[in-house]
Amino acid sequence: LNYDRRDLNAVVDLIILSQHIPGVRFLLEHFSKSLDEGTFLKMMEVAARQREHALVMILYDLLSSYCKGKKTKDVYHTMIFACSYMKMRKQCLSIINEMEIVAGWTLSTEFSRLFAKSCHTPAHMDEAFYYLEELHKQGTVISASAINALIHACSLAGDIDRAYATFVEATKWKIPLTIDPFTYLLEACLIKGDSTTALTLFSELLQRDLVPTMATYTAMIRIVCSTGDMEKAYQILGQMKENGLTPNYAMNSELAAMCARIGEVEHAAEILAAMSSSGMTPDDHLVALVHSPSSRLRHAFSPSSSSSSSSSSSSSSPSSSSDENLTTYTPTRFSKP
């Protein structure tokens, strides 16, 4: 029958909006030659969200044929989303690898995180690693994006050992190093509360002449703040500024909160003022923490306050018991699982 193109577009929109799988199958059966790339992508997303594995694979083949070896970035991204959502880890790694090796596009952190969420267990991570290792043995060039995505998965799970082992293997495969795997490794240290390993990794990346990104510095400062080492935090902050980076909202908030927790109320207030002057509005919880009675109480017993309060206190040792109690405080979100 003759039909108006606008009628077909209306039906397609209705099927996509309602995520109607029988409708998707109907379109593929009767109108596949009339559909454009954007419609195929929308249908693949619907099929993935409805856990229709076979339909996702059909659309994958159709898209590959439709693009004739010249996939756009939108095609790659939709395929990565669908395969990640469906826990099709091997297919997802193949697409990530192809996107960089063939098309020249590296994987963004957003889509790396999508893949990482599909690897929930050590078995999933091992399956993904051995798949890449087998491809490497077969002579396939493995991209930095594929390795970084796997390291990201290990890091989000807090599995530092697997993350670093994957990184070491990548160096053996002669894969060009970027800052991303180090950033993901630092995030793993943050989850595990392992500041010692984090400091070692940070020194290593600097020795390799890699330039830390804002995400790298943010993870590192959060780690040292969790130990109460504000001197180290400000040292890293200084390095960041030397590299031309300005502290963002998350970093300023972390520094202000840590200053408040260890009694450095004046420093915390200065950070809040700097945030406000830069157009960053501190949230109510942070403002309340800085100006809370407990923060002022810690300030009253901080080393700087106690040294000027009385001559009797000056004769005590520099590391008083109250100081030890303050520096061992660790926020809950940084504690080891």
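Reading the predicted model

Modeller: The accessible surface of the protein chain is about 17,400 Å², and carbon and sulfur atoms hold 53% of that. The model is predicted.

Colleague: Which residues of the largest nonpolar core touch the most other members?

Modeller: They are M43, L132, L186 and L255, in a core of 103 residues. Helix 9 supplies the largest share of this core, with eight residues. L255 touches I221, C225, M230, A233, L237 and I271, leaving aside residues up to four places away in sequence.

Colleague: How do you know that the span of helix 8 agrees with its number of residues?

Modeller: Helix 8 covers residues 122-137, which is 16 residues. The expected span is 1.5 Å times one less than the number of residues, so helix 8 should span 22 Å. Its end C-alpha atoms are 22 Å apart, therefore the two agree.

Colleague: Which residues of helix 8 are buried?

Modeller: M125, A128, F129, Y131, L132 and L135 are buried in helix 8. Seen down the helix axis, the buried residues fall within an arc of 155°, so they line one face of helix 8. As a general point, an α-helix has 3.6 residues a turn, so residues three or four places apart point the same way.

Colleague: What covers the buried residues of helix 8, and what does the face turned away carry?

Modeller: The cover includes helix 6 (89-101), helix 7 (109-116), helix 9 (144-156) and helix 10 (160-172). The face turned away from the buried side carries the exposed residues A123, Y130 and K137. After helix 8 comes G139, with a positive phi near 100°.

Colleague: Why is S94 called partly exposed?

Modeller: S94 has a relative accessible area of 26%. Buried means under 20% and exposed means over 50%, so S94, at 26%, is partly exposed. S94 is found in helix 6. From S94 to Y131 the distance is 9.5 Å, C-alpha to C-alpha, with the two 37 residues apart in sequence.

Colleague: Why is K174 called exposed?

Modeller: The relative accessible area of K174 is 71%. The cut-off for exposed is over 50%, so K174 at 71% counts as exposed. K174 lies in the loop between helix 10 and helix 11 (180-192).

Colleague: What is the phi of K174?

Modeller: K174 has a positive phi of about 65° although it is not a glycine. Most residues other than glycine have a negative phi.

Colleague: Why does D209 count as exposed?

Modeller: D209 has 68% relative accessibility. Exposed means over 50%, therefore D209 at 68% counts as exposed. D209 is in the loop between helix 12 (195-207) and helix 13 (214-226). Phi of D209 is positive, near 60°, and D209 is a residue other than glycine.

Colleague: What share of the contacts with a separation of 6 or more comes from residues 24 or more positions apart?

Modeller: Such residues account for 65% of those contacts in the protein chain.

Colleague: Where does pLDDT stay under 50?

Modeller: pLDDT stays under 50 over residues 296-337, for which the model has 39 contacts beyond four places in sequence. Where pLDDT is low, the predicted coordinates should not be read in detail. For the protein chain, the mean pLDDT is 82, and 85% of the residues reach 70 or more.

Technical notes: Residues numbered from 1 in each chain as written. Predicted model: local features only at pLDDT ≥ 70, side-chain atom pairs only at ≥ 80, totals over all residues. Heavy atoms only, no water. Helix = DSSP H or I, 4+ residues; strand = E, 2+ residues; numbered from the N terminus. Buried < 20%, exposed > 50% of the residue type's maximum accessible area, 1.4 Å probe, protein only. Arc of directions from axis to C-beta. Contact = heavy atoms within 4.5 Å. pLDDT = per-residue confidence, 0-100. Core = buried A, V, L, I, M, F, W, Y, C linked by side-chain atoms within 4.5 Å. Areas by Shrake-Rupley, 256 points an atom, 1.4 Å probe, with all protein chains shown as cover.
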